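The structure is shown first, and the description follows.

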Amino acid sequence: MNKFILIFTLVLCVTSCSHVDSRTAKNVNLSQFKHPYVVHTLNDGRGIDKIISQQLIKLGYDASHGPITMLPKSADCVIRYQDRWTFDFTTYMIQLDLQVFTARPQRLVAEDSYFRPSVTGGSEVDMVDVVLKRIFAPHNPPVPLTPQVEEPTL
């Protein structure tokens with residue numbers, strides 16, 4: 001019986017529940033956005049804005065990041081984020097909240113929140129990837145067609 005209680009307690013300590021919550025405004029198609037801009041949060045010393053931008057590029061978007069004062073004219077949506085970290089033998093991210101706004105004027109069109117209170121869940125890149133894939137579908141721009149030149153037969 002004591003072994004059962006010890007194993008049960010150990011399992012509870014190692015595992016935990018993650019929670020993902022996502023909302024998108026009605027009549028908004030997020031695939032229309034091609035040039036997202038990730039606004040750097042002033043208290044972010046870990047470069048989460050850069051990670052979000054890199055993951056968006058991997059999904060096929062023309063993403064960039066920086067302070068809001070450097071918002072490019074080509075940006076069609078603005079992404080803001082809040083990251084929450086904790087220390088449990090190591091420092092790791094436990095929550096990431098993401099909001100997507102139209103660029104001009106700024107109106108909230110989508111938001112996502114991912115809470116993972118376990119050190120065994122993965123890196124901050126994994127958390128960013130989970131959140132982005134729930135909001136942004138992979139965008140594959142069409143490949144330009146190259147003219148086919150037929151080789152002469154001998």
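## The aromatic pair

In this predicted model, a search of the whole structure finds one aromatic pair. The pair is formed by Tyr61 and Phe136, whose ring centres lie 5.3 Å apart and whose planes make an angle of 70°; because an angle over 60 degrees counts as edge-to-face, the arrangement of Tyr61 and Phe136 is edge-to-face.

Tyr61 belongs to the loop between helix 2 (48-58) and strand 3 (64-66), whereas Phe136 belongs to the segment after helix 3 (124-135), so the pair ties together parts that are 75 residues apart in sequence. Tyr61 has a relative accessibility of 5% and therefore counts as buried, and Phe136, at 1%, counts as buried as well.

## The surroundings of Phe33

Phe33 is located in the loop that runs between strand 1 (19-24) and strand 2 (36-39), and with a relative accessibility of 4% it counts as buried, because the cut-off for that class is under 20%. When residues up to four places away in sequence are not counted, Phe33 touches Tyr61, Asp76, Cys77, Thr102 and Val109, and one of these, Tyr61, is also a member of the aromatic pair.

## A charge over a ring

Another aromatic ring, that of Trp85, has the charged end of Arg46 sitting over it, at 3.9 Å from the ring centre.

Definitions and conventions: Residues are numbered from 1 along each chain as its sequence is written. This is a predicted model: local features need pLDDT of at least 70, side-chain atom pairs count only at pLDDT 80 or more; totals for chains, interfaces and linings use all residues. Side-chain values use heavy atoms; hydrogens and water are left out. Helices (H or I, at least four residues) and strands (E, at least two) are DSSP runs, numbered from the N terminus. Buried means under 20% relative accessible area, exposed over 50%, partly exposed in between (1.4 Å probe, protein chains only). Contact means heavy atoms within 4.5 Å. Rings of Phe, Tyr and Trp (its six-membered ring) pair if their centres lie within 6.5 Å; planes under 30 degrees apart count as stacked, over 60 as edge-to-face and the rest as tilted. A charge sits over a ring if NZ of Lys or CZ of Arg is within 6 Å of the ring centre and within 35 degrees of the ring normal.
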